[in-house]
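Please have a look at the model first, and then we will go through it together.

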Amino acid sequence: MINIDLDNVNEEAVYRAFNVDGNEAETLNDSYLELFELIGRDAMLKLFKYFRGDKINCPMRLYRPEFIADLAKQTTDRRERAKIARAGGYTAKFIEGVLNKRRKENETI
């Protein structure tokens with residue numbers, strides 16, 4: 001028999017009540033099973049709680065181009081700038097474009 005305290009229902013309590021521990025492959029929807037395997041139970045439940053029903057878009061790049069440009073701006077060596085750009089997932093040309101755009105904006109002010 002399943003015992004759920006309806007006055008204090010939360011994702012973790014339901015997870016325990018449904019006896020999911022160790023049976024994730026049979027009980028979880030495929031997307032949540034992937035998350036469970038990738039990031040673990042607690043993080044998967046947190047994502048479920050806050051984002052269920054939403055479509056989450058994960059951009060190809062982790063860092064904003066402005067942030068990478070700020071890092072690259074700290075060196076004048078083009079090769080170092082290129083390394084910084086590549087590490088951030090951008091091309092050196094794109095980051096140079098961001099820096100040039102900023103320079104032009106600052107000149108017009």
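How are H5 and H7 oriented to each other: roughly parallel or roughly perpendicular? Before I answer, let me say that what you see is a predicted model, and that the values I quote are computed from it. The axis of helix H5, residues 65–73, and that of helix H7, residues 92–108, come within 9 Å and cross at roughly 85 degrees. Angles of 65 to 115 degrees count as roughly perpendicular, and H5 and H7 are therefore roughly perpendicular to each other.

As for the residues that make this contact, H5 contributes Pro65, Glu66, Ile68, Ala69, Asp70, Ala72 and Lys73, which meet Phe94, Ile95, Val98, Leu99 and Arg102 in H7. Sorted by class, the contact of H5 with H7 holds eight nonpolar and four charged residues, and no polar ones.

H7 also packs against helix H6, residues 78–87, at an angle of about 105 degrees and with the axes 8 Å apart. This pair, H6 and H7, is therefore roughly perpendicular as well. Here Arg81, Ala82 and Ala85 in H6 meet Ala92, Ile95, Glu96, Leu99 and Arg103 in H7, and the classes in the contact of H6 with H7 are five nonpolar, three charged and no polar residues. If you want to follow H7 through both contacts, look at Ile95 and Leu99, which meet residues of H5 and also residues of H6.

In terms of class, the lining of the largest pocket comprises 10 nonpolar residues, three polar and one charged.

The second largest pocket has a volume of about 250 Å³, with a lining of 13 residues, of which Ser31, Tyr32, Leu35, Asp54 and Ile56 lie nearest its centre. Two or more lining residues come from each of helix H3, residues 30–39, and H4. Which element gives the largest share of the lining of this second largest pocket? That is H3, with five residues. By class, the lining of the second largest pocket has seven nonpolar, two polar and four charged residues.

Methods:
Residues numbered from 1 in each chain as written. Predicted model: local features only at pLDDT ≥ 70, side-chain atom pairs only at ≥ 80, totals over all residues. Heavy atoms only, no water. Axes fitted to C-alpha atoms, helices over the stretch in contact; angles between N-to-C directions. Helix = DSSP H or I, 4+ residues; strand = E, 2+ residues; numbered from the N terminus. Parallel < 35°, antiparallel > 145°, perpendicular 65-115°, else oblique. Contact = heavy atoms within 4.5 Å. Nonpolar A, V, L, I, M, F, W, Y, C, P; charged D, E, K, R; others polar. 1 Å grid on protein atoms, 1.4 Å probe; cavity = no way out; pocket = protein on both sides within 12 Å on 5 of 7 lines; lining within 4 Å. Points joined across faces, edges and corners; volume = space filled by probe spheres on them.
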